[in-house]
2 protein chains.
Amino acid sequence: MVKRSQDIDLKIFKEEICKGNTSFLSQAITLGESTLALHRKQFRDLLTELIPHSGSSIRIGITGTPGAGKSTLIESLGTYLIEKYHKKVAVLAVDPSSELNHGSILGDKTRMELLSRSEDAFIRPSPSKSNLGGVTQNTRESVYLCEAAGYDIILIETVGVGQSEIAVHSMVDFFMILQIVGGGDDLQAIKRGVYEHIDLLVIHKADEDKVNQARSEAANFKKMFALFPAKQSQWNPVAMTCSSKENTGISELWQTIVKYLEQTQNSGYFQKKRTLQNIAWYSELQQEQLKRFLEEHPKLNDGILQINQEVEDEILTPLRASKRLEKLLTSLFSNT
Amino acid sequence: MVKRSQDIDLKIFKEEICKGNTSFLSQAITLGESTLALHRKQFRDLLTELIPHSGSSIRIGITGTPGAGKSTLIESLGTYLIEKYHKKVAVLAVDPSSELNHGSILGDKTRMELLSRSEDAFIRPSPSKSNLGGVTQNTRESVYLCEAAGYDIILIETVGVGQSEIAVHSMVDFFMILQIVGGGDDLQAIKRGVYEHIDLLVIHKADEDKVNQARSEAANFKKMFALFPAKQSQWNPVAMTCSSKENTGISELWQTIVKYLEQTQNSGYFQKKRTLQNIAWYSELQQEQLKRFLEEHPKLNDGILQINQEVEDEILTPLRASKRLEKLLTSLFSNT
């Protein structure tokens, strides 16, 4: 296992991942999830090597409350893309709560039985960290690794809660939300500003006995969407019905995505969005790096610990502590 | 107006605020809300002078959804404390959305007609910033100024949304939530983890025709609270009914607060909580200061801007940009 070794052979890793070797791909992702500084450094070096080989997939985000049938939809859509279009499909997850609920998202591969058996699919559960920032970063990095390994479609699943939805939105080209037919909180979700983030709303579990209700719900959403102002993408979010169980609506769903891609690639929005996502990613890296630099600076660090202690002991008020820190910074770093 | 002057006379400001001069108090708060570095510095100096004169008030947080009657309750409670106990009452607000909805919280002083006419009351609307961090910091600082000006009771109002509730919780001794009688989202609020943060739940607008329903709702909450684990304060949240319109329940509400204060002052929890709040405050100040230091360092700043530009122009990938920043930091600041 790579986790225990002191060093990895960058060249071999790069070659094997580019060949589509899933064992090396998995090990590399695990390396990236490590909290050890050495592992992170090795991983960053590997990623830097692989990024030029990435970027050619379509990244699709899928959200929805628990029970909306995200895994079933991913199973149907993934299988469809592999069988019909000979795509290679990777499935990742952003679920900051996975440590708490024992990784319910993608934790159970049996929920994607067909897909997990396919040679053209790669399924990776959410890293078990409780920190959303860490999970987001790991997933974003995994996207590049999967792309370098030749996956054409990256499906990223997340639970329907605000922060992680926004995180997934920041790393995908296309974002869809699943709502169960007859689910009461539809309007609520739209109000919450989800509309801003979605390109497609799927009324899911529109099985035969519920298909009429589902269609009427989808029609209501279409009417509602028409009332909202146009988005920067110039794409009007679509509302449609789908039953993964009965395999209806899957090809229509894919056609919608294809249409979105054509439209936004022609308008230049697709590339523009990716550039903006890169800028946002770098901005996160930068914050992290500056923070780490300050934390690792020995003299500054000692001084900060000392001040913190005096605040805790109530020797210093917060404002006086703040003045002390100012002096410390000035004494350590000349401003010229 | 102090906002336009280049300098303020610290000594006069300090003296006048300590005398309870509300005009100087208002000007000082305005100074603190300024985004100009000079104003912030002057304000910090003033605050440092005033903090030794602060700390002797009781800080009470009040939350609840719009329409729960927060302003009416504050009007009733404030008037009661002034008339019956000759207290001086200051009212502040944390409402990060106030810029959007034109400062609905406390914006309209006519909603607190009696209180706003009283010489022993000071009412200050939420600063109109959209950034919660900024609003929180301004409000926390205003607390100290009001205390130095002799206010015994500080009432801090906030809207019932997660983040600003937590912000207010971090600066008060006692926290209460208002729920309108018959309001449907009671259980929802409790589920959202509000229980953890409240010391008192008021079923509000329990007017004569609704008093029985209100009492039964309060009883249900009491039962629910009994199921939750004990809090660090060893205080079991209380559920009670109140009608500000009919002025019933106000003295019981105050007696509950008095009982809380006695219990937590005796156990030492009261002081311990304030110390922890100070530590948290300093931790915010420290983050802000380190960030500002980095932003203001000319060479570092130039280098960062250059790197950012190259990321935007897609000359650098985020990871390569990150490496460049690392080199820049190492070259500017020797680690010894």
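**View 1. Strand β1 of chain A and its two partners.** Strand β1(A) is joined to strand β5 (residues 174-180) of chain A by four bridges, and the two run parallel. The model is predicted; local features need pLDDT of at least 70, side-chain atom pairs count only at pLDDT 80 or more, and totals for chains, interfaces and linings use all residues. Residues are numbered from 1 along each chain as its sequence is written, while chains are lettered from A and ligands numbered from 1 in the order in which they are written. Helices (H or I, at least four residues) and strands (E, at least two) are DSSP runs, numbered from the N terminus. Two strands pair if DSSP finds at least two bridges between them. β1(A) also pairs with strand β4 (residues 153-158) of chain A, in the parallel sense, over five bridges. Which residue of β5(A) does A:Ile60 stand opposite? A:Ile60 faces A:Phe174 there, and in β4(A) A:Ile60 stands opposite A:Leu155. Five of the six residues of β1 (residues 58-63) of chain A are buried, so this strand is largely enclosed by the rest of the structure. A residue is buried if 20 or more other C-beta atoms lie within 10 Å of its own, exposed if 12 or fewer, and partly exposed in between; C-beta atoms are placed from the backbone.

**View 2. Strand β6 of chain A, covered on both faces.** Five of the five residues of β6 (residues 200-204) of chain A are buried. In a regular strand, side chains alternate between the two faces of the sheet. On one side of β6(A) lie A:Leu200, A:Val202 and A:His204, and on the other A:Leu201 and A:Ile203; all are buried. β6(A) pairs with β5(A) in the parallel sense over five bridges. There, A:His204 is the bridge partner of A:Ile180. Four bridges link β6(A) to strand β7 (residues 238-241) of chain A, again in the parallel sense. A:Leu201 stands opposite A:Ala239 in β7(A).

**View 3. The open sheet of chain B.** Seven strands line up in the order β3-β2-β4-β1-β5-β6-β7 (chain B), with parallel pairing. Why is one side of β3 and β7 of chain B left without a neighbour in the sheet? β3 (121-123) and β7 (238-241) of chain B stand at the edges, so each has a single partner strand. Strand β2 (residues 89-94) of chain B runs parallel to β3(B), joined by three bridges. B:Val89 stands opposite B:Ala121 in β3(B).

**View 4. Helix α2 of chain A.** The helix (residues 22-33) has twelve residues, and its end C-alpha atoms are 16 Å apart. The expected span is 1.5 Å times one less than the number of residues. For α2 of chain A that gives 16 Å, which agrees. Its buried residues include A:Phe24, A:Leu25, A:Ala28 and A:Ile29.

**View 5. Where chain A meets chain B.** Each chain takes part in the contact: 31 residues from chain A and 31 residues from chain B. Two residues are in contact if their C-beta atoms, placed from the backbone, lie within 7 Å. Chain A's side draws two or more residues from each of α3 (37-50), α12 (269-296), α13 (298-312) and α14 (318-332) of chain A. α12(A) gives the largest share, eleven residues. 100% of the interface residues of chain A are also interface residues in chain B, so the copies meet through the same surface.
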